[in-house]
Amino acid sequence: MTAAMAAAAAGASIDGVRRVVAESPVVVVGRRGCCLGHVVKRLLQGLGVNPTVCELADGAAAAGASCGGTAVDDAAILEEFTGIGGGGGGGGGMLPAVFIGGKLVGGLERLMAVHISGELVPILKEAGALWL
């Protein structure tokens with residue numbers, strides 16, 4: 001694969017993740033097999049939300065990364081994903097990252113803080129992830 005082909009593939013994967021974040025009410029970006037990502041998914045599922053999960057492969061296994069069924073280049077995603085949601089919740093470059101309604105909420109700590117304060121359910125309802 002030439003450098004131009006690699007750059008085109010990285011651009012396509014970034015666009016794919018941006019599209020997924022824009023189209024899905026809740027997106028979790030995390031490393032495959034990471035326990036923190038598992039906790040985030042379980043918290044959201046416990047509230048009745050079915051998040052779209054973008055799993056980034058670790059190290060040499062980067063070819064196996066996927067987001068909403070689309071193959072992605074995790075190095076490019078790590079570089080770019082914090083700009084997708086405008087960095088509203090802080091935690092840039094931190095995985096897992098949670099996007100709700102197209103905006104970056106943050107990582108596990110920020111998600112837990114929003115949940116404990118009682119703000120998470122209204123945010124999820126506003127994004128269309130909960131109908132209750």
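Two strands pair if DSSP finds at least two bridges between them. Keep that in mind, and take one example: in β5, Val27 has Phe99 as its bridge partner.

Now the ground rules. This is a predicted model, where local features need pLDDT of at least 70 and side-chain atom pairs count only at pLDDT 80 or more, while totals for chains, interfaces and linings use all residues. Residues are numbered from 1 along each chain as its sequence is written, and side-chain values use heavy atoms, with hydrogens and water left out.

Let's start with the whole chain. It has five helices and six strands. Both are DSSP runs, numbered from the N terminus: helices are H or I with at least four residues, strands are E with at least two. From the N terminus, the order reads α-β-α-β-β-β-α-β-β-α-α. There are 132 residues in the protein chain, and 38% of them are buried. Buried means under 20% relative accessible area, exposed means over 50%, and partly exposed is in between, using a 1.4 Å probe and protein chains only.

What about contacts, meaning heavy atoms within 4.5 Å? Take those in the protein chain with a separation of 6 or more: 55% are between residues 24 or more positions apart.

Look at β1, residues 26-31. Five of its six residues are buried, so β1 is largely enclosed by the rest of the structure. On to its partners. With β2, residues 52-56, β1 pairs in the parallel sense over five bridges. Val28 is opposite Val53 of β2, and Arg31 is opposite Leu56 of β2. With β5, the sense is antiparallel, and four bridges do the joining. There, Val26 is opposite Ile100.

Which residues are buried on each face of β5? Ala97 and Phe99 are on one side, Val98 and Ile100 on the other, and both faces are covered. β5 also runs antiparallel to β6, residues 103-106, with three bridges joining them. Ile100 is opposite Lys103 of β6. The β5 and β6 hairpin has two residues between the strands, and Gly101 there takes a positive phi near 60°.

Is Leu95 buried or exposed? Its relative accessibility is 18%, so it counts as buried. Leu95 and Gly30 are 65 residues apart in sequence, yet their C-alpha atoms are 5.2 Å apart in space.

Now the interior. A nonpolar core is a set of buried Ala, Val, Leu, Ile, Met, Phe, Trp, Tyr and Cys residues joined through side-chain atoms within 4.5 Å. The largest one here has 16 residues, and those touching the most other members are Val26, Val40, Leu44, Val49, Ile100, Leu111 and Leu124. Two or more residues of this core come from each of β1, α2, β5, α4 and α5. Another core, of eleven residues, lies apart from it, and includes Val20, Val29, Leu56 and Phe99.

Pick out Leu124. Beyond its neighbours within four places in sequence, it contacts Val26, Leu44, Leu47, Val49, Ile100, Ala129 and Leu130.

Last stop: α4, residues 108-116. An α-helix has 3.6 residues a turn, so residues three or four places apart point the same way. Which residues of α4 are buried? They are Leu108, Leu111 and Val114. These three cover an arc of only 130° around the axis, which puts them on the same side of α4. That arc is taken from the directions from the helix axis to the C-beta atoms. On the other side of α4, Glu109 and Ile116 are exposed. The cover over the buried residues of α4 includes α2, β5 and α5. Just after α4, Gly118 has a positive phi of about 85°.

Methods:
Contact = heavy atoms within 4.5 Å.
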